[in-house]
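I open these notes to keep a record of what I looked up, entry by entry. The sequence and the structure come first.

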Amino acid sequence: MRHIVSILLENEAGALSRVSGLFSARGYNIESLTVAPTEDATLSRMTIVTSGSDEVIEQITKQLNKLVDVVKVVDLSEGEHIERELMLVKVRAVGKDREEMKRMADIFRGRIIDVTDKDYTIELTGTGSKLDAFLKAIDRTAILETVRTGASGIGRGDRVLRV
Amino acid sequence: MQLTGAEIFVRCLQQEGVEYVFGYPGGAVLFLYDELFKQNQVKHVLVRHEQGAIHAADGYARSTEKVGVALVTSGPGVTNAVTGIATAHMDSIPLVVITGQVPTHAIGQDAFQESDTVGITRPCVKHNFLVKDVKDLASTMKKAFYIASTGRPGPVVVDIPKDVTTHKTEFDYPDKVTMRSYNPVTKGHAGQIKKAIQVLMGAKRPMVYSGGGVILGNAAPQLARLVRLLGLPCTNTLMGLGGYPATDRQFLGMLGMHGTYEANMAMQHCDVLLAIGARFDDRVIGNPKHFFEQERTIIHIDIDPSSISKRVKVDVPIVGNVAEVLEDLLKQLEASKARPDADALKTWWTQIELWRGRDCLKYDRTSPIIKPQYVVQKLYEITGGDAYVTSDVGQHQMWAAQFYKFDQPRRWINSGGLGTMGFGLPAAMGVQLAHPDSQVACITGEASIQMCIQELSTCKQYRLPIKVVNLNNKYMGMVRQWQEFFHGNRYAESYMDALPDFVKLAESYGHIGMHIEKPEDVEPALKEAFSRKNDLVFMDFITDQTENVFPMVPGGKSLSEMILV
């Protein structure tokens, strides 16, 4: 089953490699991984999307907690949470496609953030499946480049992950 | 007063009460060595290969309750040390390993003797640090000792670039450290302990299985009290030997791949299993699928939550320091009259005695060729069961574990998790330095001993009177055994051709060498060797080439599917 795991860790050199090394050494999956400092610059917040049986996920959280740089670990999928991912897509926009691309971007609540006479760069935010849906909806041959951040997640309401 | 990084480094070791540093100098650590040279409090032991330095520090740590310390230079110094560090990591041994690094400005330039030490050691340490600023050096050293020795212990690497050892700052060694990201639990959950007692009281066929955690957590006294109070059978893992007195009637011997028949059968057929500081590894329970063919309730006490429910599902997990948890458990048990069903326990013991009657460790005592088991048995008798015994890896290790009865913890020193050949001799050096007046034996084989034999030179320099018991069957015995059982007697590359004359070799290092070929010479040889209190004696016992270790649970099989003699 797919799980989204949030980690608070010391913002120190090498902390990321400790986490990624743990996943590869123990044979756990990483679907996506995002990390950046928090409002407290000494801490980083990492979101990992992974999959596995309940036993595997339990081991993943335990092994993560064992890392000396890791301060807190929460499996967001255990409760209500919100998940977002950002995607930048460069698409060909010439002729009749130009209007069509604009319309599709609007439907998906995307924004065109760069324009040339041949292409658009569209910014789109949402769950992973919404981003997938957009890519399916537009003409595949028009896609020049896609960049995705991987999912970030946060608990709903008073579910707060902080030190 | 401003001190250099090198001065600070030595002050930190002094503050930690470090007695010995095992190491090997090189370019990146010259300033550190210069400061060590100027003082007498911390003694340095010069090994002949960095792997030996780590194993020696490891042996020192295992046989004491202290942190072992090693110092190596950058690049090849580090890569040579990795085997030792990984060995300590697998067996949870507290070490602080200081590694030299090229100057900070040269990092990443592919400088001479540069290696990414933090990267290379990351998967085989509990934690590691690169000290980029001399201001962080003292606090990092403090953290290193704290992390290595608390919680589930393990090795910590501190990588110090050469320029940091010359930079100056105020020295202030912190009294203690607090880390928001590292707070090991020590006290067991009261509710879980209560639940564990209920389960134990309802047991008809209870069993205690304890591992290295009991040794590392200094919980042997509590374990013995518990086992005796409830009249339970007890087995130890390879790492846990000495955790419960081996000569006690309630001890069933070691369990696992080469465990006793009675221990493995009791493990497989018990209805309540109390696991203490052990991790259900593949050499202990075999295939988890077969392990669960019999139903049982499992209580598991361990300081590391990730050890619980990793390979087998546990019913009553208790996270905490094993000594503290057992103390809490005992307090409640001693205050109450509740005991497990005495009749059921009696029936269970009758069954166990039947299994024990199988005499699974028997071997041919009339053989005209020396049987390796006989050598270990005689070693046990002649040392009065009171020696520190280190071993290498293979058949001799298993015979040592089966035939030397350890009544005390920290006497049996071996590489259980990683299975590192070459461990025995350097580990014995650390043990002998920690216990200068004790008998120290290194049980080894002609293959293993050659992996770190250069340390015979270190033994001479520091006059370490280790007794090397070389069980020489001219084969990598355990490899040969597997080839005999599972590879159609095709002994691919397991024959040790062109062996040195070990007697001459020992003599050339300045030691005493003995060559023993007849069973009747075994006892006199051992007696003579141990009467030489100040000499290292290398005993080369020519043993039966075809002897195998029994019982044996073939890989992937159930504990009850043993190959017996």
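**Entry 1: where the two chains meet**

I began with the contact between the chains and noted that 16 residues of chain A are in contact with 12 residues of chain B, two residues being in contact if their C-beta atoms, placed from the backbone, lie within 7 Å. I kept in mind that this is a predicted model, in which local features need pLDDT of at least 70 and side-chain atom pairs count only at pLDDT 80 or more, while totals for chains, interfaces and linings use all residues. For bookkeeping, residues are numbered from 1 along each chain as its sequence is written, and chains are lettered from A and ligands numbered from 1 in the order in which they are written.

On the side of chain A that touches chain B, helix H1 (15-25), helix H2 (54-66) and strand S4 (70-75) of chain A each supply at least two residues; helices (H or I, at least four residues) and strands (E, at least two) are DSSP runs, numbered from the N terminus. The largest share of that side, 5 residues, comes from H2(A). I sorted the residues of this side into 5 nonpolar, 5 polar and 6 charged, where Ala, Val, Leu, Ile, Met, Phe, Trp, Tyr, Cys and Pro count as nonpolar, Asp, Glu, Lys and Arg as charged, and the others, Gly among them, as polar.

**Entry 2: chain A and its sheet**

I then took chain A as a whole and found 4 helices and 9 strands, which run from the N terminus on as β-α-β-β-α-β-β-α-β-β-α-β-β. The C-alpha trace of chain A spans about 55 × 35 × 35 Å along its principal axes. Of the contacts in chain A with a separation of 6 or more, 72% are between residues 24 or more positions apart.

Strand S1 (residues 2-10) of chain A is joined to S4(A) by 5 bridges, and the two run antiparallel; A:Ile7 stands opposite A:Val73 in S4(A).

**Entry 3: nonpolar cores**

Which residues touch the most other members of the largest nonpolar core? Of its 208 residues, they are B:Ala70 and B:Val96, a nonpolar core being a set of buried Ala, Val, Leu, Ile, Met, Phe, Trp, Tyr and Cys residues joined through C-beta atoms within 7 Å. A residue is buried if 20 or more other C-beta atoms lie within 10 Å of its own, exposed if 12 or fewer, and partly exposed in between, with C-beta atoms placed from the backbone. Helix H6 (residues 137-149) of chain B gives the largest share of this core, 8 residues. Apart from this core lies another, of 11 residues, among them A:Ala93, A:Leu124, A:Leu131 and A:Phe134.

**Entry 4: enclosed elements of chain B**

In strand S18 (residues 467-472) of chain B, 6 of the 6 residues are buried, so the strand is largely enclosed by the rest of the structure. S18(B) is joined by 5 bridges to strand S17 (residues 440-445) of chain B, and the two run parallel; B:Thr444 stands opposite B:Asn470 in S18(B). On its other pairing, I noted 6 bridges from S18(B) to strand S20 (residues 537-542) of chain B, again parallel, with B:Met539 in S20(B) as the bridge partner of B:Val469.

In helix H17 (residues 424-434) of chain B, 11 of the 11 residues are buried, so this helix is largely enclosed by the rest of the structure.

How values were computed. Pairing = 2+ DSSP bridges.
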